[in-house]
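User: I would like to know what stands behind the terms used for this structure. Please set each value against its definition.

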Amino acid sequence: MIKDQITQALKTALGKIGLETDAIAITSPSNTTFGDYTTNIALQLAKTVKKNPFALAEEIAQAIDTTGVIMKAEAYKPGFVNIWVNQQVLQTYLQEILKDTITVPEYHLGAQKKIMFEFAHPNTHKLFHIGHLRNISTGETMVRLYEAVGNKTISVNYQGDVGMHIAKCLWRLKQMFSEDATLDIKNLPLREKIELLGKAYSQGSAAFESDEKAKQEIIDTNKKIYTQDPEIKQIWEETRGWSLEYFDEIYKLVGTKFDRLYFESEFADRGLEIAHQAVTDGILEKSDGAIILNGEKHGVHTRVFVNSQGFPTYEGKEIALAETEFKEFGELDKNIHVLGGEQQSFFKTAVKAQELIDPSIVGKQYHLIYGWVDVKGQKMSSRKGNIVEAEWLINEAKKAIIAEYESSEEVAQALAIAAIKYAFLKNGILTSVMFDLSDAINLHGDSGPYLLYTYVRAKSVLAKEAKPEVSTAEYKPNDDELQIMRKLIKFPDIVLEAAKQFAPNYLTSYLYDLAQLFNLFYQNNPILKSSDAEKAFRLELTQAVTMIMKKGLYLLGIPTVEKM
RNA sequence: GCACCCGUAGCUCAAUUGGAUAGAGCACAGACCUUCUAAGUCUGCGGUUACAGGUUCGAUUCCUGUCGGGUGCGCCA
């Protein structure tokens, strides 16, 4: 990586003037007039060596060898040393991109180089909404980024298929069947089945709140689900199947594949067993008929693992889930749970219990928090029925695209997915976003479709004519071209940082910058109407841009299209 | 009450983890298609980074306080 070579050159320069440090921080200045890379090392060292920072920066700049990877080094104002990369290095890197031999540095979270990502987390019998969409977009890109920096990743999805929300839904659904004997659910399209579940849940919830008799019946239904009572088992299995089929469609649509689907129903029995054993071992405690972790002893919130009716709560099932997750795929470095911040208290307590039960997993559970999704200021609630559902949203975006550009189904779909995913990923992972429909299906400016458009445009040029067989070695790139080349060398740095910091938005803004530079170049410089080395070079540059765009978009979980 | 997250342009968000002149998109006003896809490019407009202190060469970023918002805090998931 070029950055490493710069660090090496700096180290040598520091050595020449009798300085030594391990902490050489090299960053890319936001303003390219300050060079390709910059270091504040003089500012850091000035105090310890008792020198004026700017004088020290000048001294370092002087000592840098400018015959190798570095072309120019200059001291700036308070004490930065700004560095320009040799153009030959840019040329070489361009050729490496074309040969597809560029590499991204490795980054691991442990010796196994193996990381599990647990994400998506929809509950059966409920809708898959934009909150899940943000979750799955984030999870998928993190998986791809960690693969890119040399890890084996395992994608898993823990889906809630038992619990009160399902009891509420099924209780009402059974009523609906007896109220309307003509309801022919078997032949309903999937879409309508899901809507029916949503309606039943919403009405069941309302009854639970307002009607004491209904409340008791729903609690009873919940028990029957846990005990797999024949009275409820069949309808539970069937409706659960609808949800899973519906989820599968969405996973396919957004391009996520899971290595393993876990279900809450798998972990109820084992969760109980572990919890009871943990009481015997003095880890969990009995309290008011429930089994809890006494949080005060461990600096977390006290939470219930088995309720007073003897059923495992979410926490109770989580300890069994952890046991399986850490067993099924061999030793993991980390198990990263992509979960909203509202689950923090739950997660801390559950993890504390897991670590007390199995010390071998201490420090391996990680809660990757992503920000809340709000819709125009109002909080989504499936009980109130005002949620933005994933497939509906994708279809809205698709319709808008077809209406404006007469795109084919296939292209419109790809663009819709790109628009929505990009709208989430361009934000900081923690930023709670105000979701605005018109913004998410925006096709202009800083958007997914803009990136795809840039890619398609470039590809279209490449498809028109073959590259002339002329050497580009002697070609002197102009400023527009240089800007692109200087951007291209940063790709590995960006991928590494995006993975390290769990910051896919580093990659989105990198690709956006690259696209902007290319569009500027495209605007000002004829490619096919140029000739000889110039034409050959411009075609090479164009191709390199498409290759990096495609790689970057892949890492974001956004497939490219070839025409639009 | 306590804990965590947050407050940046009219709106939605960035800012490479303490760096240089705080950047984009949308919206608004204008310019550019007999040249490779105008889903594009360019120009303009827009800021006391909630407020008050502190730390230091340097603060949107770290610390303290105030105000405002979100989330959670024992039998939901």
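User: Why is H5 described as largely enclosed by the rest of the structure?

Analyst: The model is predicted, so local features need pLDDT of at least 70 and side-chain atom pairs count only at pLDDT 80 or more, while totals for chains, interfaces and linings use all residues. Residues are numbered from 1 along each chain as its sequence is written, and chains are lettered from A and ligands numbered from 1 in the order in which they are written. A residue is buried if 20 or more other C-beta atoms, placed from the backbone, lie within 10 Å of its own, exposed if 12 or fewer, and partly exposed in between. In H5, 17 of the 19 residues are buried, so the helix is largely enclosed by the rest of the structure.

User: What makes Thr38 buried?

Analyst: Thr38 has 21 other C-beta atoms within 10 Å, and the cut-off is 20 or more, so Thr38 counts as buried. Thr38 lies in strand E2 (residues 37-39); strands are DSSP runs of E with at least two residues, helices are runs of H or I with at least four, and both are numbered from the N terminus.

User: Which residues is Thr38 in contact with, leaving aside its neighbours within four places in sequence?

Analyst: They are Thr27, Pro29, Phe80, Val81, Asn82 and Ile83. Contact requires C-beta atoms, placed from the backbone, within 7 Å.

User: What makes E8 and E9 a pair?

Analyst: Two strands pair if DSSP finds at least two bridges between them. E8 and E9 (residues 290-293) have three, in the antiparallel sense; in E9, Ala290 is the bridge partner of Ser287.

User: Why are E8 and E10 called edge strands?

Analyst: The open sheet has the order E8-E9-E10. E8 (285-287) and E10 (303-306) each pair on one side only.

User: How many residues surround RNA strand B, and what makes a residue near it?

Analyst: The number is 85; a residue is near if its C-beta atom, placed from the backbone, lies within 6 Å of the strand. The closest include Ser30 and Gly163. Helix H16 (residues 448-464) gives the largest share of this surface, eight residues.

Note on methods:
Two residues are in contact if their C-beta atoms, placed from the backbone, lie within 7 Å.
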